[in-house]
Structures are given as C-alpha cells and as structure tokens.
Amino acid sequence: MSVPGRCSARGWLCCAAAVAAAVMGGDAGAQGDGAARRELGREVFLSRAKPACAVCHTLEAAGATGAVGPVLDELRPDADRVAKAVRNGLGVMPSFRALLSEAEIEAVAHFVATATAAPK
Ligand code: HEC
C-alpha cells in the first residue's frame, strides 16, 4: 500500500479525509455512534478479522456468502451472542480475542445484530 503516493497525487484533502476516517473509526466503539460503529463493524466483518467473518458466514448486509458457519441472516443472533462467539470461538470458528480490539468486537457484534434485526 502506498498511501503517501496516492495522497501527493490527490493533494492534502485526500490525507485529511484519511485521517478523519481513522479518527472516526477509533472512536466508534467508545462513543457508540450508530453509523460510524456500523461502518467499522462491516469492515471487521469483511476484512479486519483474519480470517474474515465473510469467508465463513453468509450475511446479506455485508454482501457475504460464506458457507462454513451458520447463515447469520437466519440465525439472527443478538449482539451479546455475536460478541461471545467472536471472543471465545465456537467449534471450528476461531477466537478473535487476540486479533481484534474490544471496540472492534463490539462494533462487529452491533453490526451483525442490527443488520439481521435480531429479536431482543
Ligand atoms: C473459519 C470459519 C469462521 C470464521 C472466520 C468465523 N466464523 Fe463464526 N462460526 C463458524 C462456525 C463453523 C460456527 C458454528 C460453530 C458451532 O456451532 O459449532 C460459527 C458460529 C458463529 C455464530 C453463532 C454463535 C452461536 O452462539 O451459535 C456467530 C454469531 C458467528 N459465528 C459470528 C462470526 C463473526 C462475527 C466472525 C468474524 C469476527 C466469524 N463468525 C468468523 C465459522 C467461522
């Protein structure tokens, strides 16, 4: 990734936007801001988690079609259930505790729960 190259080509506005996005992402978990937190959650689901949740799970809101684990649109887990599975792992699913921050785990749990409109 050559971010500096991209930024110098596009001017300082590009860098300012990148910094703003990074700051918002960092705050998402702590502040619980709906849109930013959801965006972070989607990013964790699609790419920040390694292997990504999307590799193993189907979730329409993320455009994910993985078929190793349960279809989350059908399971409709609440945020606590998602967070627990992500922290501890379950069966074939690995634990992401060492890989993701608390804010990232909470964001992905919030994202999955709201995307599937989990019944409370
Ligand atoms: C390597 C494949 C794999 C990856 C990567 C993976 N999962 Fe899973 N996941 C599974 C499997 C398999 C199960 C079913 C485990 C079982 O019931 O034994 C599961 C179960 C779950 C469940 C249901 C938990 C429950 O209480 O029944 C949730 C929610 C979930 N995963 C979310 C996620 C999220 C969010 C991520 C990314 C941070 C993720 N998974 C990454 C394979 C995966």
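1. Two residues count as in contact if their C-beta atoms, placed from the backbone, lie within 7 Å. On that basis, take the contacts in the protein between residues at least 6 apart in sequence: 53% of them join residues at least 24 apart. Note that this is a predicted model.

2. Overall make-up. The protein has seven helices and two strands. Along the sequence, the order is α-α-α-α-β-β-α-α-α. The protein has 120 residues, and 27% of them count as buried.

3. The core. The largest nonpolar core holds 21 residues. Those with the most contacts inside it are Phe 45, Val 82, Val 86, Val 108, Ala 109 and Val 112. The largest share comes from α7, with seven residues.

4. Val 82. This residue deserves a separate look. Neighbours within four places in sequence are left aside here; Val 82 is then in contact with Pro 77, Val 108, Ala 109, Val 112 and Ala 113. Val 108, Ala 109 and Val 112 are, like Val 82, among the residues with the most contacts inside the core.

5. Which residues of α6 are buried? They are Val 82, Ala 83, Ala 85 and Val 86. These residues lie on the same side of α6, because they cover an arc of only 165° around the axis. An α-helix has 3.6 residues a turn, so residues three or four places apart point the same way. On the other side of α6, Asp 80 and Asn 88 are exposed.

6. Packing and the end of α6. What do the buried residues of α6 pack against? Their partner is α7. After α6 comes Gly 89. The phi of Gly 89 is positive, near 75°.

7. The ligand shell. There are 22 residues around the ligand. Cys 53, Cys 56, Gly 69, Gly 91 and Met 93 come nearest. At least two residues of the shell come from each of α4 (53-56), α6 and α7. Which element gives the most to the shell? That is α6, with four residues.

8. The residues around the ligand divide into 18 nonpolar, three polar and one charged.

9. Elements to revisit. The buried residues of α6 pack against α7.

Key. Residues numbered from 1 in each chain as written. Predicted model: local features only at pLDDT ≥ 70, side-chain atom pairs only at ≥ 80, totals over all residues. Buried ≥ 20, exposed ≤ 12 C-beta atoms within 10 Å, placed from the backbone. Core = buried A, V, L, I, M, F, W, Y, C linked by C-beta atoms within 7 Å. Arc of directions from axis to C-beta. Near = placed C-beta within 6 Å. Nonpolar A, V, L, I, M, F, W, Y, C, P; charged D, E, K, R; others polar.
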